[in-house]
Amino acid sequence: MPGAGAVRAIRDRMRAVSNTAKVTRAMELVAASKMRRAQDRALQSRPYAERMRAVLAQLSGYTVGADPDELNPLLQQRTVKHFAIIHITADRGLAGGLNTNMNRAAASLVLEHQPNVESVSVLPVGRKGRDFFRRSGFPIIAEFTNLGDFPSSTDVFPIARIVIDDYIRGELDQVYVAYQQFVNAAVQRPVLRQILPVQAPEGAEARGTDFIFEPSPAQLLETLLPRYVEMQIYEAVLEARASEQSARMVAMRQATDAADEMVSELTLTYNKARQEMITSELLDIVGGTAALNA
Amino acid sequence: MPLTLSIVTADRTVLERDDVLRLVVPTTEGQITLLPSHAPLMASLSIGEMIVHVPDGPIPLAIHGGFIQIVRDDVSVLADAAEHADEIDEARAEAARERSRGRIEGRVPVEAGAVDILRAQLSLQRSLIRLRVRRRRSATGVPTMR
């Protein structure tokens, strides 16, 4: 038989859960608005990415068949001894399985490469991935955390600088980037993509047009290829940020729904308990009166 | 037939026009002027001033390196950074000019390892271009378009 204490406990719990629902609802709204802004950023960088791909596809057509030794170092395939992954995650959690899935996907890529190479290192972007790889004890080349929700190209380009320099010095032979691709507001997909050595984009109408090059195609490639690597990393970061906000939005909506459901169940229990308490009090009174009258 | 032009950076589209009559571009090999029916060209850009001539007048921009391609009257500029004249903060550009001049001439102390002469020279070049573009805008008074 529930006493007044039990009834109060249920009421306190209802209040706590509905406060939680208020918080998660607010977080959902914040994430939704940040998601739109992050998507917008990704969209704004797209014309540059598209034109860069088109130009590079055309330009690399002019170096096909060149002596491999004269090929731009960023295009040269080498035996992979030193493998690295740029691992992009969120700085914060409360985003459902987003970070866990990303960590798992990156870890399986790393474990797959590990037996075949001398060294595997990680360049984490985002605290969640950094903590994960730090715990698993992989060497960390450099870490980038607190880039914010809307990083600009100047925040991200230093990442490219590091891997390009290491690659040219021969300290790295192959570099992947790992990030959550934004498919739509409800779906994010972990993507693992090689960025070094550069794989020239497809669709080359190679040598279709008779270009004038100023300076030579090789020199133009030398300026363009690093930009291409920078752009790909920037693109990955923007996608990852949009994914983060959308995953958080969905997770918070689910939390809000769960909390609302819990409140309605608690309300039922509460009413039932209160009713039982009243009934038992009535019975006491009735019993007491009956005893007096007897 | 006028040229179509888009100037894009990694962060945004800076300018998009389809009525360009003439285009003055700073390439690493020197300043060139592009007119409609130009032969296909790929060139790298230096830090400099770019002037886009459209029917309502010239649009000056500061370009900080990058790449240009022209094919069939379609011009793509992939700029490392690009600014319209009215986006340039004159006071800030002037401060940057003074700072980098000071560093080059040894008047302003150079923080150990943080800044070298090459960087100061590049920064000086950028601030000079910004000032020139900014002042051209105030001289002609032609509205720029984004």
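A charge is said to sit over a ring if NZ of Lys or CZ of Arg is within 6 Å of the ring centre and within 35 degrees of the ring normal. With that in mind, select Arg37(A) and Phe150(A): Arg37(A) lies over the face of Phe150(A), at 3.8 Å from the ring centre. Then select Arg78(A), whose charged end sits over the ring of Tyr167(A), 4.1 Å from its centre.

Before going on, note that this is a predicted model, in which local features need pLDDT of at least 70 and side-chain atom pairs count only at pLDDT 80 or more, while totals for chains, interfaces and linings use all residues. Residues are numbered from 1 along each chain as its sequence is written, chains are lettered from A and ligands numbered from 1 in the order in which they are written, and side-chain values use heavy atoms, with hydrogens and water left out.

**Two helices of chain A**

Select residues 4–60 and 217–293 of chain A, which are helices α1 and α5; helices (H or I, at least four residues) and strands (E, at least two) are DSSP runs, numbered from the N terminus. These two helices pack at an angle of about 160°, with their axes 5 Å apart, where axes are lines fitted to C-alpha atoms, for helices over the stretch in contact, and angles run from 0 to 180 degrees between N-to-C directions. That angle makes α1(A) roughly antiparallel to α5(A), since angles under 35 degrees count as roughly parallel, over 145 as roughly antiparallel, 65 to 115 as roughly perpendicular and the rest as oblique.

**Aromatic pairs**

Over all chains the count comes to five aromatic pairs; rings of Phe, Tyr and Trp (its six-membered ring) pair if their centres lie within 6.5 Å, and planes under 30 degrees apart count as stacked, over 60 as edge-to-face and the rest as tilted. Select Phe133(A) and Phe138(A), an edge-to-face pair at 5.7 Å centre to centre with 70° between the planes. Both Phe133(A) and Phe138(A) are buried, where buried means under 20% relative accessible area, exposed over 50%, and partly exposed in between (1.4 Å probe, protein chains only).

Phe157(A) and Tyr234(A) are both buried.

**Lys128(A)**

Lys128(A) is in helix α3 (residues 127–135) of chain A and counts as partly exposed, at 33% relative accessibility. Select Ala90(A) together with Lys128(A): the two are 38 residues apart in sequence, yet 6.0 Å apart in space, C-alpha to C-alpha.

**Backbone stops**

In chain A, go to the cis peptide bond between Leu196(A) and Pro197(A), with omega about -10°; Pro197(A) is in the loop between β4 (187–196) and β5 (212–214). A cis peptide bond also joins Glu214(A) and Pro215(A), with omega about -5°, and Pro215(A) lies in the loop between β5 and α5.

Finally, move to chain B and select Ser37(B), which has a positive phi of about 65° although it is not a glycine. Ser37(B) is in the loop between β4 (30–34) and β5 (41–54) of chain B, and is exposed, with a relative accessible area of 66%. Asp73(B), likewise not a glycine, has a positive phi near 60° and lies in the loop between β6 (57–71) and β7 (74–79) of chain B, where Asp73(B) counts as buried at 15% relative accessibility.
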